[in-house]
Structures are given as C-alpha cells and as structure tokens.
Amino acid sequence: MNPKLIPRDIFVEKSVIDQPIIHNIRKNHAECRLHFVDHIIPGESDEDRPAIEVIDFKGKFLKPCPGTRNYICCGYQILHFGEQCSIGCTYCILQAYFSSTRLRLFANWDRMLNETKSVLKNNPQRFFRIGTGEFTDSLLLDPITEFSTLIVPFFALFPNCVLELKTKTDHIELLKDLDHRQRTIVAWSLNSNRVIFREEGLAVPLSRRLECAKRCMEWGYRLAFHFDPMIYYEGWEVDYREVIDLVFSNTDPDKIVWISLGCFRFMPALKNIIEEKYPGSDIIYGEFIQGLDGKMRYFKDIRIEMYSKMVEWIREHDPDVCVYLCMESPEIWKAAFGFVPAEKGGLPKMLDMAAQTKCGD
Ligand code: SF4
C-alpha cells in the first residue's frame, strides 16, 4: 500500500467514535493522528491539506447514478459510502465535483445496510447493479477501513443484486477469504501504459492491475474492466490493443461480466483545474465539441473509430462478452456495434442479463 494514498490526519465527528470504522482505522493505521470534532459540514471545508474526515452521514446511501441527459444511461445504483480520492488522476471529474480535496468516509454503516436491505427486500422483482466507485475509488482505503469485509458478504445474501467494486489500486488482500458467492464483481479501470504513466497519479501500473484481477478470479470473484476515459493520441491503436490482449491473456473471458468503453469527456469547468494543477498534461487540447449535456467530447468520427476498433479487438478474443458504451448516443452505438441497446431491451436490461448469467452460485 502506497502510504501517500492514505493521509495521517483523520478528523472524526465525536458522535461516531464508537463505530467499527474507527476501531478498524486505529488497528490498521497506527501512525494516524485522530482529531475529534463536534461536527464536520460536508462541502464546507476547502482545506487542501491531505486528511480524512469521518462523519455521520445524514443523506440517502443508495441512489441512482446521475447519468447524463440525452445519452444512454446504464441504470446503475450507487452505494454512497465516501467521497473524494487521493490517487490524483489528471482527468478526474471529482476535482470539479467537490470543493475540498479531503477524503470523506461515512461511519454509520448500520443505517447504510438497513436502508439497502429494505430496498432490496421490498423490490424482489427488480435486479440491482450496485457500485461504490462513483464518488471515490472503491478499494482506496479498504486496508484501513476493512469496508469490503462488511459489504461483500452482505450483498452475497441477496439474489436480486450484484455489487461492483471499481478500483485502480491493488488493495485486494481482504477480499481473499470473504463469502462472496460470486455476487461481487471486482473491476479495474484500465488504460494504455502511456496514459497510466502520464495521467493516473498514484494508481498502480497496468501489469499490477491485471495481476490482481487474476488473483481475484482465482478466489472465485467475477471481473469487469472499464476503459474510461480512453484518450486519443497518435499511436493509441497499438497501445490500447496491447491492453486488450493482456486482459484476455490474464483472465478467463467466462469470468468477465462486462467491459465498458468511454472516450475522454469533461465539463468545461474541469479544463481550468487540469491546466492549473497538471500543467504537463495535454489531454484537454484535443479536438473537442460540446455535447448535448454540456460536456466537451471528441468529435464523433474519433469516438466511432475508437469504439469500433476496441469492440473489434475484444470480439477477436471473445465474441460474447458484454461490451457497452458509457454515456453515448444511439447514433454512436449503431456505428460502433451495428445495433442500439433499445433493440435488445435497453442497456439496463443488457447489463442485468450479463450479471444474472455470470454471477451467483
Ligand atoms: S482513481 Fe478514479 S476517483 Fe480516483 S482520482 Fe482517479 S479517476 Fe478520480
């Protein structure tokens, strides 16, 4: 575990002192400096000094992924367990979402599980794909919080859901002996070595991500991979094709539940942040056009070319694995895949079927 990822200063609301997360942090992060405070108001801290805040979360834990208007959304649910990330990818959208760079963890796990349990139990006919990696990296702080040891066995109990843990770390050790019943998908965001090296801060190298995926597969977990954001540059084809080849030489396609593709896109507000914070990064200087959702995207031709080639390379290895586009229009789907999700019942249905076919005992 890279110590730079895990700040030493931890601010804890007094009301959560007795929660298991604090016990785990004390046990696993001996060098930490705990500061007990009355109340931390989310969104009000603009501190830039690295720190973790542990709070009593008052909001809703399980909520639909916000998606993007006018594009095809996958109908994912987010288990909101924490916010922010210390990996430091240049392109990270969270830089524009949160005013504070501090990591924030929600300590009231009891309420989180009760709320989730009642949603799953009250909707037995509905299938839920639930992820924790939207507002932070799912496994970033796992070695100190041990959060995975709580949620992996929890989600194993429900036949109408799968849990996806999405990461760019190698923090998988605690997953080894958990009772997951093939209901947890461990997913890595992947990119070319060049993009990882230049743009993905403290994330572990590609070879290490794939080594970890292989180990999780050997422990019976299902896998997923997300090529998002794909960055266009001269020579991208050779580099991304190499990554696809490595994925399939390291894993069994039967254990891959889905692979997503998404070209680099960003809200205009992120441009200034990237320019200021990462002056060496040139990812924002490509050919972009403003999409229907206000985000800057590569020109259509570039997106179609990248998606079509990626799909072709993936299909050479496995014609059946579920591949989908994250937040793209039906037109781009048609050009890249030859069909639109609506012809197959919609994207949520396609992904539900992939999960139901490959997950569970
Ligand atoms: S790993 Fe994900 S959440 Fe963390 S900085 Fe990179 S893009 Fe952001």
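Me: How do strand 6 and strand 7 run where bridges join them?
Reply: This is a predicted model, where local features need pLDDT of at least 70, side-chain atom pairs count only at pLDDT 80 or more, and totals for chains, interfaces and linings use all residues. Residues are numbered from 1 along each chain as its sequence is written, and side-chain values use heavy atoms, with hydrogens and water left out. Strands are DSSP runs of E, at least two residues, and helices are runs of H or I, at least four, numbered from the N terminus. Strand 6 (residues 82–83) is joined to strand 7 by 2 bridges, and they run antiparallel.

Me: Which residue of strand 7 is the bridge partner of Glu 53?
Reply: Strands pair if DSSP finds at least two bridges between them. Strand 3 (residues 52–55) runs parallel to strand 7, with 4 bridges. Glu 83 stands opposite Arg 104, and the strand 7 partner of Glu 53 is also Arg 104.

Me: Are the faces of strand 7 buried or exposed?
Reply: Side chains in a regular strand alternate between the two faces of the sheet. In strand 7, Leu 103 and Leu 105 sit on one side, Arg 104 and Phe 106 on the other. Buried means under 20% relative accessible area, exposed over 50%, partly exposed in between (1.4 Å probe, protein chains only). These four residues are all buried.

Me: Which residues of helix 8 meet helix 7?
Reply: Contact means heavy atoms within 4.5 Å. From helix 7 come Leu 206, Leu 210, Lys 214 and Met 217. Their counterparts in helix 8 are Val 243, Leu 246, Val 247 and Asn 250.
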